[in-house]
Amino acid sequence: MKNFIENLPKAELHLHIEGSFEPAQMFEIAKRNNIQIPYKTVEEIEEAYKFDCLQDFLDIYYQGASVLIHEQDFYDLTYSYLKKCAEQNVRHTEIMFDPQTHTERGITFKTVVTGISKACEDAKKNLNVSSYLIMSFLRHLSEEDAFKTLKESLPFKEKIKAVGLDSSEKGNPPSKFKNVYKAAIKEGYIPLAHAGEEGPPEYIWEALDILKIKRIDHGNNCLQDDNLVKEIIQQDIALTVCPLSNTALQVVKDLKEHPLKKMMDLGLKVTINSDDPAYFGGQVNQNYIEIQKALGLSREDLVILAKNSFQYSLLSEDMKMKNIKLVDDYFEINKEL
Ligand code: ADE
Ligand code: ZN
(Lines give C-alpha, C1' and ligand atoms only; values in the text may rest on other atoms or scores of the structure.)
(Ligands and ions follow the chains in the order given, each with its own letter.)
Protein backbone atom coordinates (compact mmCIF):
# COMPACT_ATOMS: atom_id res chain seq x y z
CA MET A 1 0.00 0.00 0.00
CA LYS A 2 2.81 2.43 0.85
CA ASN A 3 4.34 1.91 -2.55
CA PHE A 4 0.92 2.15 -4.22
CA ILE A 5 0.28 5.50 -2.49
CA GLU A 6 3.73 6.90 -3.19
CA ASN A 7 3.41 6.34 -6.91
CA LEU A 8 -0.23 7.33 -7.21
CA PRO A 9 -0.62 10.58 -9.21
CA LYS A 10 -2.42 13.14 -7.06
CA ALA A 11 -3.11 16.83 -6.40
CA GLU A 12 -2.91 18.69 -3.12
CA LEU A 13 -5.71 21.21 -2.54
CA HIS A 14 -5.16 22.35 1.03
CA LEU A 15 -1.67 23.51 1.90
CA HIS A 16 -0.55 26.66 3.70
CA ILE A 17 2.87 27.62 2.41
CA GLU A 18 3.78 29.11 5.80
CA GLY A 19 2.85 25.73 7.29
CA SER A 20 5.38 23.93 5.10
CA PHE A 21 8.25 25.74 6.85
CA GLU A 22 10.51 22.94 8.09
CA PRO A 23 12.60 23.61 11.24
CA ALA A 24 15.96 23.22 9.44
CA GLN A 25 14.99 25.84 6.85
CA MET A 26 13.55 28.09 9.57
CA PHE A 27 16.91 28.04 11.40
CA GLU A 28 18.75 28.77 8.16
CA ILE A 29 16.57 31.72 7.10
CA ALA A 30 16.44 33.13 10.65
CA LYS A 31 20.24 33.04 10.74
CA ARG A 32 20.76 34.79 7.40
CA ASN A 33 18.19 37.44 8.38
CA ASN A 34 19.71 37.89 11.84
CA ILE A 35 16.48 37.05 13.62
CA GLN A 36 16.32 35.29 16.97
CA ILE A 37 13.88 32.39 17.22
CA PRO A 38 12.91 30.95 20.58
CA TYR A 39 14.35 27.47 19.85
CA LYS A 40 17.95 26.30 19.76
CA THR A 41 17.48 22.71 18.69
CA VAL A 42 15.13 20.55 16.65
CA GLU A 43 14.21 18.83 19.97
CA GLU A 44 13.01 22.15 21.40
CA ILE A 45 10.89 22.68 18.29
CA GLU A 46 9.37 19.22 18.58
CA GLU A 47 8.45 19.97 22.18
CA ALA A 48 6.78 23.26 21.16
CA TYR A 49 4.81 21.54 18.38
CA LYS A 50 2.41 19.79 20.74
CA PHE A 51 -0.92 21.50 20.33
CA ASP A 52 -4.17 21.47 22.32
CA CYS A 53 -6.27 23.29 19.72
CA LEU A 54 -6.16 25.45 16.58
CA GLN A 55 -5.26 28.67 18.43
CA ASP A 56 -2.40 26.97 20.22
CA PHE A 57 -0.94 26.03 16.83
CA LEU A 58 -1.63 29.39 15.17
CA ASP A 59 0.38 31.30 17.80
CA ILE A 60 3.47 29.24 16.95
CA TYR A 61 2.80 29.22 13.20
CA TYR A 62 2.68 33.03 12.98
CA GLN A 63 5.85 33.26 15.04
CA GLY A 64 7.63 30.90 12.62
CA ALA A 65 6.48 32.92 9.59
CA SER A 66 7.99 36.08 11.06
CA VAL A 67 11.52 35.14 9.93
CA LEU A 68 10.45 35.49 6.27
CA ILE A 69 11.60 38.91 5.09
CA HIS A 70 12.96 38.91 1.55
CA GLU A 71 11.59 37.74 -1.79
CA GLN A 72 14.28 35.03 -1.77
CA ASP A 73 12.95 33.70 1.56
CA PHE A 74 9.47 33.24 0.08
CA TYR A 75 11.00 31.70 -3.03
CA ASP A 76 13.12 29.21 -1.05
CA LEU A 77 10.21 28.23 1.19
CA THR A 78 7.93 27.62 -1.79
CA TYR A 79 10.47 25.83 -3.94
CA SER A 80 11.31 23.44 -1.08
CA TYR A 81 7.65 22.50 -0.81
CA LEU A 82 7.32 22.06 -4.59
CA LYS A 83 10.34 19.74 -4.64
CA LYS A 84 8.53 17.60 -2.08
CA CYS A 85 5.48 17.59 -4.36
CA ALA A 86 7.57 16.21 -7.22
CA GLU A 87 9.00 13.50 -4.95
CA GLN A 88 5.50 12.47 -3.90
CA ASN A 89 3.87 12.35 -7.31
CA VAL A 90 1.86 15.47 -6.54
CA ARG A 91 1.33 16.77 -10.07
CA HIS A 92 -0.67 19.84 -9.15
CA THR A 93 -1.02 21.87 -5.97
CA GLU A 94 -3.19 24.77 -4.84
CA ILE A 95 -1.11 26.76 -2.39
CA MET A 96 -2.60 29.06 0.24
CA PHE A 97 -0.64 32.02 1.47
CA ASP A 98 -1.54 34.52 4.19
CA PRO A 99 -0.50 37.98 2.94
CA GLN A 100 -1.61 39.73 6.13
CA THR A 101 0.80 37.67 8.25
CA HIS A 102 3.56 39.43 6.34
CA THR A 103 2.15 42.84 5.39
CA GLU A 104 1.31 43.58 9.03
CA ARG A 105 5.06 43.17 9.74
CA GLY A 106 5.94 45.68 7.03
CA ILE A 107 6.75 43.19 4.25
CA THR A 108 5.18 44.30 0.96
CA PHE A 109 2.50 42.26 -0.81
CA LYS A 110 4.75 42.35 -3.87
CA THR A 111 7.69 40.73 -2.02
CA VAL A 112 5.48 37.88 -0.82
CA VAL A 113 3.63 37.15 -4.05
CA THR A 114 6.67 37.59 -6.30
CA GLY A 115 8.82 35.18 -4.28
CA ILE A 116 6.10 32.55 -4.13
CA SER A 117 5.03 32.83 -7.75
CA LYS A 118 8.60 32.75 -9.15
CA ALA A 119 9.10 29.45 -7.33
CA CYS A 120 5.85 28.16 -8.84
CA GLU A 121 6.95 29.15 -12.35
CA ASP A 122 10.33 27.44 -11.90
CA ALA A 123 8.70 24.30 -10.51
CA LYS A 124 6.42 24.09 -13.52
CA LYS A 125 9.46 24.22 -15.82
CA ASN A 126 11.94 22.14 -13.83
CA LEU A 127 9.79 19.71 -11.86
CA ASN A 128 6.63 19.45 -13.95
CA VAL A 129 4.49 20.39 -10.94
CA SER A 130 1.71 22.88 -11.69
CA SER A 131 0.27 25.20 -9.07
CA TYR A 132 -2.33 27.84 -8.36
CA LEU A 133 -2.23 30.39 -5.54
CA ILE A 134 -5.02 30.99 -3.04
CA MET A 135 -4.80 34.28 -1.17
CA SER A 136 -6.28 33.67 2.27
CA PHE A 137 -7.74 36.35 4.50
CA LEU A 138 -7.04 36.04 8.22
CA ARG A 139 -10.44 35.78 9.86
CA HIS A 140 -9.30 37.07 13.25
CA LEU A 141 -8.66 40.43 11.57
CA SER A 142 -11.38 42.82 10.38
CA GLU A 143 -13.22 42.78 7.08
CA GLU A 144 -11.74 46.23 6.46
CA ASP A 145 -8.25 44.73 6.69
CA ALA A 146 -9.26 42.00 4.25
CA PHE A 147 -10.48 44.71 1.85
CA LYS A 148 -7.08 46.39 2.10
CA THR A 149 -5.45 43.08 1.16
CA LEU A 150 -7.85 42.55 -1.73
CA LYS A 151 -6.91 45.97 -3.07
CA GLU A 152 -3.20 45.26 -2.70
CA SER A 153 -3.62 42.03 -4.65
CA LEU A 154 -5.17 43.61 -7.74
CA PRO A 155 -1.91 44.44 -9.58
CA PHE A 156 -0.99 40.73 -9.17
CA LYS A 157 -4.39 39.36 -10.07
CA GLU A 158 -3.14 37.13 -12.87
CA LYS A 159 -0.91 35.28 -10.38
CA ILE A 160 -3.74 34.45 -7.94
CA LYS A 161 -6.61 32.10 -8.67
CA ALA A 162 -8.78 32.13 -5.57
CA VAL A 163 -9.43 33.65 -2.16
CA GLY A 164 -9.60 31.68 1.09
CA LEU A 165 -10.40 32.28 4.74
CA ASP A 166 -8.25 30.87 7.52
CA SER A 167 -6.94 31.41 11.08
CA SER A 168 -9.04 31.34 14.29
CA GLU A 169 -12.44 29.99 13.34
CA LYS A 170 -14.45 30.16 16.55
CA GLY A 171 -16.03 33.60 16.99
CA ASN A 172 -15.14 34.64 13.43
CA PRO A 173 -18.03 33.43 11.25
CA PRO A 174 -17.92 33.61 7.45
CA SER A 175 -20.66 36.28 7.47
CA LYS A 176 -18.05 38.72 8.86
CA PHE A 177 -16.49 38.66 5.35
CA LYS A 178 -19.64 38.92 3.25
CA ASN A 179 -18.74 42.16 1.48
CA VAL A 180 -15.12 41.41 0.78
CA TYR A 181 -16.03 38.03 -0.75
CA LYS A 182 -18.58 39.71 -2.95
CA ALA A 183 -15.92 42.15 -4.12
CA ALA A 184 -13.34 39.36 -4.61
CA ILE A 185 -15.77 37.37 -6.78
CA LYS A 186 -16.37 40.50 -8.84
CA GLU A 187 -12.62 40.72 -9.44
CA GLY A 188 -12.63 37.15 -10.75
CA TYR A 189 -11.27 35.27 -7.74
CA ILE A 190 -12.83 31.89 -6.93
CA PRO A 191 -14.25 31.87 -3.38
CA LEU A 192 -13.04 29.14 -0.98
CA ALA A 193 -12.95 29.04 2.84
CA HIS A 194 -12.05 27.02 5.90
CA ALA A 195 -15.30 26.07 7.62
CA GLY A 196 -16.35 23.51 10.19
CA GLU A 197 -12.86 22.64 11.40
CA GLU A 198 -13.56 23.79 14.95
CA GLY A 199 -16.61 25.91 14.13
CA PRO A 200 -20.24 24.72 14.05
CA PRO A 201 -22.24 23.55 11.00
CA GLU A 202 -23.84 27.03 10.87
CA TYR A 203 -20.46 28.40 9.74
CA ILE A 204 -20.47 25.97 6.81
CA TRP A 205 -24.00 27.09 5.88
CA GLU A 206 -22.81 30.70 5.97
CA ALA A 207 -19.76 29.91 3.85
CA LEU A 208 -22.03 28.31 1.24
CA ASP A 209 -24.96 30.71 1.35
CA ILE A 210 -23.22 34.01 2.03
CA LEU A 211 -19.67 33.62 0.71
CA LYS A 212 -20.77 31.34 -2.17
CA ILE A 213 -17.74 29.10 -1.76
CA LYS A 214 -16.84 26.44 -4.33
CA ARG A 215 -14.87 24.18 -1.98
CA ILE A 216 -14.81 23.68 1.79
CA ASP A 217 -11.52 23.48 3.65
CA HIS A 218 -11.90 20.80 6.36
CA GLY A 219 -15.70 20.80 6.77
CA ASN A 220 -15.60 17.95 9.33
CA ASN A 221 -18.43 19.39 11.39
CA CYS A 222 -20.92 19.13 8.52
CA LEU A 223 -21.56 15.63 9.86
CA GLN A 224 -23.53 17.18 12.73
CA ASP A 225 -26.24 18.33 10.33
CA ASP A 226 -27.89 15.88 7.90
CA ASN A 227 -29.46 18.65 5.84
CA LEU A 228 -26.11 20.29 5.42
CA VAL A 229 -24.56 17.03 4.21
CA LYS A 230 -27.39 16.77 1.68
CA GLU A 231 -26.83 20.34 0.53
CA ILE A 232 -23.06 19.87 0.08
CA ILE A 233 -23.67 16.73 -1.98
CA GLN A 234 -26.39 18.45 -4.00
CA GLN A 235 -24.08 21.39 -4.82
CA ASP A 236 -21.26 18.91 -5.68
CA ILE A 237 -18.84 20.72 -3.41
CA ALA A 238 -15.74 18.93 -2.12
CA LEU A 239 -14.16 18.89 1.32
CA THR A 240 -10.38 19.21 1.61
CA VAL A 241 -9.80 16.88 4.53
CA CYS A 242 -6.52 16.93 6.48
CA PRO A 243 -6.20 13.81 8.65
CA LEU A 244 -2.88 14.49 10.44
CA SER A 245 -3.88 18.11 11.04
CA ASN A 246 -7.10 16.90 12.64
CA THR A 247 -5.30 14.68 15.14
CA ALA A 248 -2.51 17.23 15.78
CA LEU A 249 -5.09 19.93 16.62
CA GLN A 250 -7.32 17.49 18.49
CA VAL A 251 -10.25 17.98 16.13
CA VAL A 252 -10.24 14.16 16.02
CA LYS A 253 -8.90 12.15 18.97
CA ASP A 254 -7.43 9.26 17.07
CA LEU A 255 -7.02 8.55 13.35
CA LYS A 256 -8.99 5.35 13.87
CA GLU A 257 -11.97 7.58 14.73
CA HIS A 258 -11.47 9.85 11.72
CA PRO A 259 -14.74 10.37 9.77
CA LEU A 260 -13.14 10.29 6.29
CA LYS A 261 -14.56 6.91 5.27
CA LYS A 262 -17.93 7.79 6.73
CA MET A 263 -17.91 10.96 4.63
CA MET A 264 -17.15 8.94 1.48
CA ASP A 265 -19.90 6.44 2.29
CA LEU A 266 -22.40 9.27 2.72
CA GLY A 267 -21.58 10.46 -0.80
CA LEU A 268 -19.46 13.46 0.13
CA LYS A 269 -16.59 14.27 -2.21
CA VAL A 270 -13.43 14.32 -0.14
CA THR A 271 -9.74 14.82 -0.80
CA ILE A 272 -6.66 14.17 1.37
CA ASN A 273 -4.26 17.00 2.15
CA SER A 274 -1.49 17.98 4.56
CA ASP A 275 -2.60 21.50 5.68
CA ASP A 276 0.62 22.46 7.52
CA PRO A 277 2.98 19.52 6.95
CA ALA A 278 5.96 20.90 8.87
CA TYR A 279 3.83 21.23 12.00
CA PHE A 280 1.57 18.19 11.82
CA GLY A 281 3.99 15.35 11.21
CA GLY A 282 3.66 14.52 7.54
CA GLN A 283 3.42 15.51 3.93
CA VAL A 284 0.43 14.54 1.81
CA ASN A 285 1.64 10.99 1.16
CA GLN A 286 2.09 10.42 4.88
CA ASN A 287 -1.53 11.55 5.32
CA TYR A 288 -2.66 8.97 2.74
CA ILE A 289 -0.48 6.26 4.32
CA GLU A 290 -1.62 6.81 7.91
CA ILE A 291 -5.33 7.21 7.17
CA GLN A 292 -5.26 4.14 4.89
CA LYS A 293 -3.80 2.11 7.73
CA ALA A 294 -6.08 3.53 10.43
CA LEU A 295 -9.31 3.02 8.46
CA GLY A 296 -8.29 0.03 6.33
CA LEU A 297 -8.93 1.90 3.07
CA SER A 298 -8.82 -0.18 -0.13
CA ARG A 299 -6.94 0.65 -3.32
CA GLU A 300 -10.31 1.60 -4.83
CA ASP A 301 -10.84 4.11 -2.01
CA LEU A 302 -7.39 5.60 -2.58
CA VAL A 303 -8.05 5.90 -6.29
CA ILE A 304 -11.34 7.71 -5.62
CA LEU A 305 -9.50 10.13 -3.32
CA ALA A 306 -6.77 10.79 -5.90
CA LYS A 307 -9.32 11.28 -8.68
CA ASN A 308 -11.28 13.66 -6.46
CA SER A 309 -8.11 15.69 -5.91
CA PHE A 310 -8.04 16.49 -9.64
CA GLN A 311 -11.80 16.61 -10.20
CA TYR A 312 -12.30 19.21 -7.46
CA SER A 313 -9.16 21.21 -8.22
CA LEU A 314 -9.38 24.55 -10.00
CA LEU A 315 -7.72 23.11 -13.11
CA SER A 316 -9.38 23.42 -16.54
CA GLU A 317 -11.73 20.59 -17.54
CA ASP A 318 -9.15 19.41 -20.04
CA MET A 319 -6.36 19.19 -17.44
CA LYS A 320 -8.71 17.49 -14.96
CA MET A 321 -9.50 14.84 -17.55
CA LYS A 322 -5.84 14.28 -18.48
CA ASN A 323 -4.85 13.82 -14.85
CA ILE A 324 -7.80 11.59 -14.00
CA LYS A 325 -6.81 9.39 -16.92
CA LEU A 326 -3.32 9.12 -15.44
CA VAL A 327 -4.86 7.83 -12.20
CA ASP A 328 -7.08 5.36 -14.09
CA ASP A 329 -4.11 4.07 -16.10
CA TYR A 330 -2.05 3.75 -12.94
CA PHE A 331 -4.79 1.74 -11.25
CA GLU A 332 -5.19 -0.49 -14.28
CA ILE A 333 -1.61 -1.71 -14.00
CA ASN A 334 -1.46 -1.72 -10.20
CA LYS A 335 -4.73 -3.42 -9.32
CA GLU A 336 -4.67 -6.13 -6.70
CA LEU A 337 -5.17 -9.50 -8.28
N1 ADE B 1 -3.86 28.44 9.04
C2 ADE B 1 -2.96 27.49 8.83
N3 ADE B 1 -3.49 26.30 9.08
C4 ADE B 1 -4.77 26.49 9.46
C5 ADE B 1 -5.84 25.65 9.85
N6 ADE B 1 -5.71 24.32 9.91
N7 ADE B 1 -7.00 26.22 10.17
C8 ADE B 1 -7.14 27.53 10.13
N9 ADE B 1 -6.18 28.37 9.78
C10 ADE B 1 -4.99 27.87 9.44
ZN1 ZN C 1 -5.85 24.91 6.55
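The following legends describe an overall view and several close-up views of a predicted model.

**Figure 1. Overall fold of the predicted chain.** The chain contains 17 helices and nine strands. Its radius of gyration is 19 Å, close to the 20 Å that the globule rule gives for 337 residues, so the chain is as compact as a globular protein of that length. Along the principal axes, the C-alpha atoms occupy a box of roughly 55 × 40 × 40 Å. Buried residues make up 58% of the 337 in the chain.

**Figure 2. A patch of positive charge on the surface.** Five lysines are shown: Lys 178, Lys 182, Lys 186, Lys 212 and Lys 214 gather in this patch. One of them, Lys 178, belongs to helix α9, which spans residues 178–186. Lys 178 has a relative accessibility of 46% and therefore counts as partly exposed.

**Figure 3. The salt bridge between Glu 28 and Arg 32.** The closest N and O atoms of Glu 28 and Arg 32 are 3.9 Å apart, and the two residues form a salt bridge. Both residues belong to helix α2 (residues 23–32); because they are four residues apart, about one helical turn separates them. Glu 28 is partly exposed, with a relative accessible area of 48%. Arg 32 is likewise partly exposed, at 39% relative accessibility.

**Figure 4. The salt bridge between Lys 157 and Glu 187.** In this view the two side chains meet with an N to O distance of 3.0 Å. Lys 157 lies in the loop between α8 (143–153) and β4 (162–166), and Glu 187 in the loop between α9 and β5 (190–191), so the pair ties together parts that are 30 residues apart in sequence. Lys 157 is partly exposed, with a relative accessibility of 33%. Glu 187 is also partly exposed, its relative accessible area being 29%.

Figure 5. Lys 335 pairs with Glu 332 in a salt bridge whose closest N and O atoms are 3.5 Å apart. Lys 335 is partly exposed, with a relative accessible area of 39%, whereas Glu 332 counts as exposed at 53% relative accessibility. Elsewhere, salt bridges with shared partners join Glu 28, Arg 32, Asp 73 and Asp 76 into one network. In the whole structure, 17 salt bridges are found.

**Figure 6. Strand β4 at Gly 164.** Gly 164 is placed in strand β4. With a relative accessibility of 0%, Gly 164 counts as buried. In sequence, Gly 164 and Ile 216 are 52 residues apart; in space, their C-alpha atoms are 9.6 Å apart.

**Figure 7. The backbone at Ser 167.** Although Ser 167 is not a glycine, its phi is positive, at about 80°. The residue lies in the loop between β4 and α9. Ser 167 has a relative accessibility of 7% and counts as buried, because buried residues are those under 20%.

**Figure 8. The backbone at Asp 236.** Asp 236, which is not a glycine, has a positive phi of about 55°. This residue is found in the loop between α11 (226–234) and β8 (238–241). At 41% relative accessibility, Asp 236 is partly exposed.

Methods: Residues are numbered from 1 along each chain as its sequence is written. Chains are lettered from A and ligands numbered from 1 in the order in which they are written. This is a predicted model: local features need pLDDT of at least 70, side-chain atom pairs count only at pLDDT 80 or more; totals for chains, interfaces and linings use all residues. Side-chain values use heavy atoms; hydrogens and water are left out. Patches are made of residues with over 30% relative accessible area and no salt bridge: like charges are joined within 9 Å, nonpolar side chains (Val, Leu, Ile, Met, Phe, Trp, Tyr) within 5 Å. Accessible areas come from the Shrake-Rupley method with a 1.4 Å probe; for residues, only the protein chains shown count as cover. A salt bridge is a side-chain nitrogen of Lys or Arg within 4 Å of a carboxyl oxygen of Asp or Glu. Lys and Arg count as positive and Asp and Glu as negative; His and the chain ends are not counted. The place of a charge is taken as NZ of Lys, CZ of Arg, CG of Asp or CD of Glu. Helices (H or I, at least four residues) and strands (E, at least two) are DSSP runs, numbered from the N terminus. Buried means under 20% relative accessible area, exposed over 50%, partly exposed in between (1.4 Å probe, protein chains only). The radius of gyration is taken over C-alpha atoms; the globule rule is 2.2 Å times the number of residues to the power 0.38.
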